[in-house]
Amino acid sequence: MMSPLHAVIVACPAQGHVNPLMNLAELLAMRGFFITFVTTEWMDQRLLKAASKDAAARDREIQGRGFKFRFLAIPDGLPPEHGRTSEIGELLLALQSLGPALESVLSVADESVPPITCIITDSYLSCTAEVAKNLGVPRVVFWTTCTAYAIILKNAHFLLSQGHIPVKEEDLKSKDKLITCLPGKIPPIRPTDIVSFFREKHVSEVIYSASLYESRIQNIADYVLVNTFEELEGGIDAQIGLSVNGCPSLAIGPVFLPNFLQGRNSVYSMWEEDKTCFQWLDGQAQGSVLYVSFGSMAIKSEKQLHELALGLEACGYPFLWVLRSDIADGKSLDLPEGFKDRTKDRALIVSWTNQLKVLSHLSIGGFLTHSGWNSTLEAISMGIPMIGWPYCGDQFLNCRFVKDVWNVGFDFKGVDVDEFKVVTQEIVESTIRSIMEGSSRVKLRENVVRLKEAAHKAVTEGGTSYSNLNTFAEDMQKIAKSRV
Ligand code: UDX
């Protein structure tokens, strides 16, 4: 008899990566896979601490759902005091050397663990290429980003050869420069859409060279999966744009949505979640609340955050604001004097929450976001219009597609060229009004609800993402059979 399929899933130790990879792990466990979920010890400890659980309780919980599942953690080689996600260049560099530790932990003999069928790797984990090769198993590259961004990053060396990388300051400012040389029929992109780490000002930083290295290794894949859905990026040919040597390239997202629709709370947080906000949201009128959150890594200056606070105050809408303890250039924020008192009847500030649950709450009417891909997909899936305020990486592209391609939100003028440009309270206020009221809101809502319905359809039985994930499982089955 054949043993179960065994997927080793390796996640980059960052919030926006662990979440989708854990959700993918659950979807495959439901399809009968044995899962080994690997991340770094630092991340593993963060997740356990935030959930107030120990490893044994977590194992019991996941196995109690009938899943064949184990967690492994490897050291990242960085000193305990290192900021990790606040120094992503250094973190990325450290992760590039994790191959031997990963291979060694996977090679420990254990009769209760079936032979490995494949390694599903975060697209930002080049170290898995050598490990998959040494273990003789397929390397499945999972993109936690949209397809368009994945195509840009995978082709970074081509863009370099064409002179589009490093992205020059004057090109960032140019209104009409369009890049049309990329494969896969992606819509023409602007210099500001290119991975922000490739901007000229970053050339001497670790993140620039480390990202170029990751891009090279992203071209080593036996299978490609993307956390998106065909109805959203259907105009793009992922088979041409993302496949490596003709291997399958499939959209299987949003991976959190099947779990969410079946009532499972599959959110894996690095911070303890504030649960009081739901009672507060219950007391607000339908569609009236603006949710404000900038993901797990984005920071802003105190001056900017004060302008934002005053804009939120002036707009008059109730708001739920996630203010991480490191949001103000790495420190907690001292709010403008009297702000809390003046807004106390219609504002709630928390340090972290269950964002998916918030976005699905009937009271939420709009989302001011940093345009991380998970946040973007979550807002689309819940039918919430957005204001994008990108900070780094793929967020500039996500934000522009939200505004120009999918027409489900707006942004602040000029922040795509200079992420530190101060947005005034007046602009904050007027932009919030444009997503919360008037004819502009009606149009955005129409568009986003259409996409929401398409997302829900994609992940339910017979839908594109649902079927694509089945195809992946069947292909892995064939590989396992061919080895028996
Ligand atoms: C990063 C990048 O910024 C992002 O662009 C990339 O695509 C993935 O990695 P992050 O900055 O954290 O992630 O943003 P995002 O992708 O939006 O992921 C944040 C996750 O944290 C989301 O799943 C969101 O639901 C969750 N979250 C955020 C919470 O659960 N609670 C909060 O209070 C805020």
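This is a predicted model: local features need pLDDT of at least 70, side-chain atom pairs count only at pLDDT 80 or more; totals for chains, interfaces and linings use all residues.
Me: Is His-361 buried or exposed?
Reply: The cut-off for buried is under 20% relative accessible area. His-361 comes in at 17%, so the label is buried.

Me: Which domains does the domain assignment give for the protein chain?
Reply: One of them comes in two segments, 5-265 and 459-483, and that's domain 1. The other covers 277-436. So, going by the domain assignment, we have domain 1 (5-265 + 459-483) and domain 2 (277-436).

Me: How many residues does the contact take from domain 1 and from domain 2?
Reply: The centres of domain 1 and domain 2, taken over C-alpha atoms, are separated by 26 Å. As for the contact, it takes 34 residues from domain 1 and 27 residues from domain 2.

Me: What area do domain 1 and domain 2 bury between them?
Reply: Carbon and sulfur atoms carry 64% of the buried area. The total for domain 1 and domain 2 is about 2,600 Å².

Me: How many residue pairs are in polar contact between domain 1 and domain 2?
Reply: Salt bridges between domain 1 and domain 2 number 2. For polar contact, both residues have to be at pLDDT 80 or more. With that condition the count is 10 residue pairs.

Me: Which helices each supply at least two residues of the side of domain 1 that touches domain 2?
Reply: That side of domain 1 divides into 18 nonpolar, 10 polar and 6 charged residues. The helices that each supply at least two residues are α1 (15-30), α7 (147-154), α9 (169-173), α11 (230-233) and α13 (256-261).

Me: How many residues of α7 are buried?
Reply: Among the buried ones are Thr-147, Tyr-149 and Ile-151. Lys-154 is on that list too. α7 is mostly covered, and the buried count is 8 of its 8 residues.

Me: Which residue forms a salt bridge with Asp-193?
Reply: Side chains of opposite charge can pair when their charged atoms come close. Here the closest N and O atoms are 2.8 Å apart. Asp-193 is also part of a network of salt bridges with shared partners, which includes Lys-403, Asp-404 and Asp-411. The salt-bridge partner of Asp-193 is Arg-400.

Me: How far apart are N and O in the salt bridge of Glu-169 and Lys-173?
Reply: Both residues lie in helix α9, 4 residues apart, about one turn of the helix. Glu-169 is partly exposed at 36% relative accessible area, while Lys-173 is exposed at 54%. The salt-bridge cut-off is within 4 Å, and the N to O value for this pair is 3.9 Å.

Me: Is Arg-324 buried or exposed?
Reply: Arg-324 forms a salt bridge with Asp-326, with the closest N and O atoms 2.8 Å apart. Asp-326 counts as partly exposed at 23% relative accessibility. Arg-324 has a relative accessibility of 2%, so it counts as buried.

Me: In which helix do Glu-446 and Lys-443 lie?
Reply: Glu-446 and Lys-443 form a salt bridge, the closest N and O atoms being 3.1 Å apart. Glu-446 is partly exposed at 40% relative accessibility, and Lys-443 is partly exposed at 46%. They are 3 residues apart, about one turn, in helix α21 (residues 438-459).

Me: What is omega for the peptide bond from Ile-165 to Pro-166?
Reply: Most peptide bonds are trans. Pro-166 lies in the loop between α8 (156-161) and α9. The bond from Ile-165 to Pro-166 is cis, with omega near -5°.

Me: Which residue does a cis peptide bond join to Gly-253?
Reply: Omega for this bond is about -10°.

Me: What is phi of Ser-52?
Reply: Most residues other than glycine have a negative phi. Ser-52 is in the loop between α2 (41-50) and α3 (55-64), and at 61% relative accessibility it counts as exposed. Its phi is positive, near 50°.

Methods:
Residues are numbered from 1 along each chain as its sequence is written. Side-chain values use heavy atoms; hydrogens and water are left out. Buried means under 20% relative accessible area, exposed over 50%, partly exposed in between (1.4 Å probe, protein chains only). Contact means heavy atoms within 4.5 Å. Buried area is the accessible area (1.4 Å probe) that two parts lose on being put together, summed over both. A salt bridge is a side-chain nitrogen of Lys or Arg within 4 Å of a carboxyl oxygen of Asp or Glu. A polar contact is a pair of N or O atoms within 3.5 Å; within protein, one must be able to donate a hydrogen and the other to accept it, and residues adjacent in sequence count only if both atoms are side-chain atoms. Ala, Val, Leu, Ile, Met, Phe, Trp, Tyr, Cys and Pro count as nonpolar, Asp, Glu, Lys and Arg as charged, and the others, Gly among them, as polar.
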